[in-house]
Amino acid sequence: MKKISGEGEFKENCAICHPDGGNIINPAKTLHKKDLDAGGIKKPADIIAKMRKPGPGMTQFDKKTVPDKEANAIAVYILKTFK
Ligand code: HEC
């Protein structure tokens, strides 16, 4: 079985639009704390909710593409990595 790190899944699914926690499509909505706070995104569940129901320009990730366990690992990785 594949080991879930959060980092690997982030690189695989998210880094193309969010390199280094940035945002190549909407630069006001990076994954850095200041921008996340501005959107009320504070905990892993908030990031998972965004993946399941994204805003304009972001790919949707359903449970088949990214199961809850992986989604949670990605969310934890984002919150601890991009300050
Ligand atoms: C095709 C490009 C694209 C991909 C791939 C993508 N995103 Fe996004 N993301 C966006 C765009 C555009 C926005 C701004 C619109 C919005 O708020 O949904 C965004 C916004 C976000 C936000 C809110 C940021 C803020 O400051 O409010 C989070 C959290 C997020 N993405 C997480 C992820 C995660 C986790 C993944 C991978 C599983 C991912 N994104 C993959 C384009 C992308």
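Is His-18 buried or exposed? His-18 is buried, at a relative accessible area of 11%; buried means under 20%, exposed over 50% and partly exposed in between, with a 1.4 Å probe and protein chains only. Met-58 is partly exposed, at 28% relative accessibility.

This is a predicted model, in which local features need pLDDT of at least 70 and side-chain atom pairs pLDDT 80 or more, while totals for chains, interfaces and linings use all residues. Residues are numbered from 1 along each chain as its sequence is written, and side-chain values use heavy atoms, without hydrogens and water.

**Iron site**

His-18 (NE2) and Met-58 (SD) are the protein donors of the ligand's iron atom, 2.1 to 2.2 Å from it. Donors are N, O and S atoms within 2.8 Å of the metal (3.2 Å for Na, K and Ca). The pair links distant parts of the chain, 40 residues apart. His-18 lies in the loop between α1 (7-13) and α2 (33-38). Met-58 lies in the loop between α3 (44-52) and α4 (68-81). Helices are DSSP runs of H or I, at least four residues.

**Ligand surroundings**

The ligand is surrounded by 24 residues, each with a heavy atom within 4 Å of it. The closest are Cys-14, Cys-17, His-18, Lys-50 and Met-58.

| Residue | Atom | Distance to ligand oxygen |
|---|---|---|
| Thr-30 | backbone N or O | 2.7 Å |
| Lys-50 | polar side-chain atom | 2.6 Å |
| Gly-55 | backbone N or O | 2.7 Å |

α2, α3 and α4 each give two or more residues to the shell around the ligand.

Conventions:
A polar contact is a pair of N or O atoms within 3.5 Å; within protein, one must be able to donate a hydrogen and the other to accept it, and residues adjacent in sequence count only if both atoms are side-chain atoms.
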